[in-house]
Amino acid sequence: MEFQVGDRVELKPLHIYDFDGLHAGMQGTVMYVNSTGNRLGVYFDEKFGGHDLRHECPDGHGWYLSATWVELIPPPCDIHLDFDFDLLRGG
């Protein structure tokens, strides 16, 4: 999976990051992707004791991590209904 800046992600339930307040289910926004796509800088919604991603987010919300630690949160889908309102009106 290739991540892009602006993607919303969620930490997977892994035991390797049980430090500094990180925990499974935390959600955030990708602020940095390295050239190979395997390292991310994530601005987490909640303050947990992280850092500021080199001034890219408020102090305490940022963390650099392996892309394997997170999964993409799919964007909300847009529902477009094609409906013939004339049928509703009896026409």
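Predicted model: local features only at pLDDT ≥ 70, side-chain atom pairs only at ≥ 80, totals over all residues.
Residues are numbered from 1 along each chain as its sequence is written. Local features need pLDDT of at least 70, side-chain atom pairs count only at pLDDT 80 or more, and totals for chains, interfaces and linings use all residues, while side-chain values use heavy atoms, without hydrogens and water.

**Exercise 1.** Work out in which order the strands form the sheet, and which stand at the edges.

*Solution.* Start with the terms. Strands are DSSP runs (E, at least two residues), numbered from the N terminus. Two of them pair if DSSP finds at least two bridges between them. Next, read the order: five strands run β4-β3-β2-β1-β5 in an open sheet, with antiparallel pairing. The edges are β4 (62-66) and β5 (70-72). Each has a single partner strand, so one side of each lacks a neighbour in the sheet.

**Exercise 2.** Find how many bridges join β2 and β3, and which residue Y32 faces.

*Solution.* Locate β2 at residues 27-33 and β3 at residues 39-44. Count the bridges of this antiparallel pair: five. Then take Y32; opposite stands G41 in β3.

**Exercise 3.** Find the salt bridge and say how exposed its partners are.

*Solution.* Apply the cut-off: a side-chain nitrogen of Lys or Arg within 4 Å of a carboxyl oxygen of Asp or Glu. The structure holds one such bridge. R8 pairs with D45, and their closest N and O atoms are 2.8 Å apart. R8 lies in strand β1 (residues 8-11), D45 in the loop between β3 and β4, 37 residues apart. Now check exposure (buried: under 20% relative accessible area; exposed: over 50%; partly exposed: in between; 1.4 Å probe, protein chains only). R8 has 28%, so this residue is partly exposed. D45 has 46%, so D45 is partly exposed.

Definitions and conventions
Helix = DSSP H or I, 4+ residues; strand = E, 2+ residues; numbered from the N terminus.
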